[in-house]
Amino acid sequence: MAVLGNVLKGGIKFTNTLKNIRQPKPFKWQKKALTKLCHTARETQFGQKYHFEDILKATMLGEKRDFYELFKQNVPVYDYNKIYEQWWKRIRHGEVDVTWPGIIRNFALSSGTSEASSKAIPVSTDMIRAIQRTSINQIISLGNYKGLPSNIFEKGYLMLGGSTLLSEVGHHYEGDLSGITQKTLPAWFHRFYKPGKKIAQEKDWAKKLDEITEKAKDWDIGFLAGVPAWIQLLMEKIIERHGVKNIHEVWPNLTAFAWGGVSLDPYKKDFEKLLGRPIIYIETYLASEGFLAYQVRPEGGLQLVLNNGIFFEFVPFNDENFDEDGNMYDNPETLMVDEVEPGKDYALLISTCSGAWRYLIGDTIRFTNVQRAEIVITGRTKHFLSLCGEHLSVDNMNKAIDAAAEHFGISIREFSVIGIKHPPLFAHQWYIGTDKEVDDDELGRFIDARLHELNDDYAVERGHALKNIFCRTLPNKAFYEWMKMQGKEGGQNKFPRVLKGNNQLDWERFVKLNYPLQQLYDQE
């Protein structure tokens, strides 16, 4: 079997070398992607309503950017609620040729961190193929990572996600994206895939973790994939159950960890305490709407997938395009990939081979390398605070929390911030997850000082309308208990970094009931 590993590794290096010879051509690839999308969907109800034939003519006969100007002119922007009510609901009820040709037989259910109810995202056969192609390309990119042993490609791949068991609803299936894509895994991969079909289908998250923990010593795991918080909890359970010092005593060939959707920084130090030696970290950007980006090289950011069924647009994340609650205005300014600038925050619109069109996915990104189309995810459009113009992003929060953990010598796995009224003006209430004792007031002052350095708008408003900062530490388990109560335990669920609306009210009631403490502020 070692021969297989050497062949795979050699093939990856060769293919990756050929791939690197071809320089990225962002505009050309994206024009081709949009042309193919519009051509495929031109006879759908959506394509006919918004005159895709005219857009296609502009790609062939117009000036360089005419096709995009016409696309913007013809097709409105959508958030989830708008596109679902107008279009996707009809697909879910079995109607054909709505926003993508044919009938869609799979819907990925995704609650995200902003909405209370589940979102039903159509997943076409074309999208499943696109995800598979991007997954293969990500494996090919492993040729850029030095020190990868040949036999790593013969080891197990443990993917810790939600239940892969799909529910049959009428003429279609609904469930976690992992369940939809698992149905189409190539036969040769099943021998490497863990935790295996039976455990992967388990819906009880606690039971799933227990079953994986018991089986762990029987597997030879080389790759881990999942949300950092849940992977860390799993490793802790395995280490405790089997009486070992670190996870490498159970899985000596563990070499790489792939994650996405959240910053690794708050978890990394505690994560590494569970290891026997360093491993490779590979970030991915796989959403229910598609495989958007992945880390191609160790020192790089996430590289957008520009030539595989997704057309990207970038909305400057500012007051001209979004209100204070993160809702996008109609007719926002939008840019193609060749028009963006490094260091600026953008919200993503995507058009895809599943019939999403100019769809606000809800994430904000920043380009770190425009030529390579490499990005970092900076937060969510609704996971930022701007009560009075402070424009506090999740990226700012992560950096401040990481610095605080280092300064106080504590581990902070989870945190969240709430904007509150603090008569006559405003304040921020921080909730910090740590299992070590620390003075709340000192911690709050340190975070406040660090944010002054990171964010000029924040510094200005702290002298005006943002009158105070409150900090409350809670044990890490409090955050996971609340997620369980919300039905968001495990899988791809993450604790929201900013709490608003019903989530805020539910969280405050939960803390008051389960972790009572004298009220820190008077809120009207």
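**Entry 1**

I began with strand E13 (residues 345-352) and strand E14 (residues 359-369), which run antiparallel and are joined by five bridges. Within this pairing, I found Leu349 opposite Leu360 of E14. I note that the model is a predicted one.

**Entry 1. The nonpolar cores**

I looked up the largest nonpolar core and found that it has 70 residues. Trp88, Phe314, Trp357 and Phe367 are those with the most contacts inside this core. Another core lies apart from it, with 50 residues, among them Ile212, Trp219, Leu234 and Val244.

Leaving out residues up to four places away in sequence, Phe314 touches residues including Leu304, Met336, Val340, Tyr346, Leu348, Ile365 and Phe367. Glu333 and Thr334 are also among the residues that Phe314 touches.

Is Phe46 buried or exposed? I recorded Phe46 as buried, because its relative accessibility is 0%. Phe46 is placed in helix H3 (residues 45-49). Beyond its neighbours within four places in sequence, I listed Phe52, Val75, Tyr78, Trp87, Val98, Thr99 and Trp357 as contacts of Phe46. Phe46 and Thr99 are 53 residues apart along the chain, yet I found their C-alpha atoms separated by 5.1 Å.

I next searched the whole structure for aromatic pairs, which gave 35. Phe46 and Tyr78 form a tilted pair, with 6.1 Å centre to centre and 50° between the planes. This pair links distant parts of the chain, 32 residues apart: Phe46 belongs to helix H3, and Tyr78 to the loop between helix H5 (66-74) and helix H6 (80-92). I recorded Tyr78 as buried too, at 0% relative accessibility.

I also examined charges over rings. The charged end of Lys82 sits over the ring of Tyr78, 5.0 Å from its centre. The charged end of Lys64 sits over the ring of Phe27, 4.8 Å from its centre.

**Entry 2. The three-stranded sheet**

I turned to an open sheet of three strands, ordered E16-E17-E18 with mixed pairing. Strand E16 (415-422) and strand E18 (466-474) each have a single partner strand, so one side of each is left without a neighbour in the sheet. On average, neighbouring strands here are turned by 20° against each other, direction ignored.

How many bridges join E16 to strand E17 (residues 425-433)? I found eight, and the two strands run antiparallel. Phe426 in E17 is the bridge partner of Lys421.

Helix H14 (residues 440-454) packs on this sheet, touching E17 and E18, and its direction makes about 130° with that of E18. Helix H16 (residues 476-485) lies across E16, E17 and E18, and I noted that it runs at about 100° to E17.

I located Asn396 in helix H13 (residues 394-408). Asn396 is buried, with a relative accessible area of 10%. Not counting residues up to four places away in sequence, Asn396 touches His391, Leu451, Leu454 and Asn455.

Finally, I listed one aromatic cluster, formed by Tyr431, Phe479, Trp482, Phe495, Trp507, Phe510 and Tyr515.

Definitions and conventions: Residues are numbered from 1 along each chain as its sequence is written. This is a predicted model: local features need pLDDT of at least 70, side-chain atom pairs count only at pLDDT 80 or more; totals for chains, interfaces and linings use all residues. Side-chain values use heavy atoms; hydrogens and water are left out. A nonpolar core is a set of buried Ala, Val, Leu, Ile, Met, Phe, Trp, Tyr and Cys residues joined through side-chain atoms within 4.5 Å. Buried means under 20% relative accessible area, exposed over 50%, partly exposed in between (1.4 Å probe, protein chains only). Contact means heavy atoms within 4.5 Å. Helices (H or I, at least four residues) and strands (E, at least two) are DSSP runs, numbered from the N terminus. Two strands pair if DSSP finds at least two bridges between them. Rings of Phe, Tyr and Trp (its six-membered ring) pair if their centres lie within 6.5 Å; planes under 30 degrees apart count as stacked, over 60 as edge-to-face and the rest as tilted. A charge sits over a ring if NZ of Lys or CZ of Arg is within 6 Å of the ring centre and within 35 degrees of the ring normal. Axes are lines fitted to C-alpha atoms, for helices over the stretch in contact, and angles run from 0 to 180 degrees between N-to-C directions.
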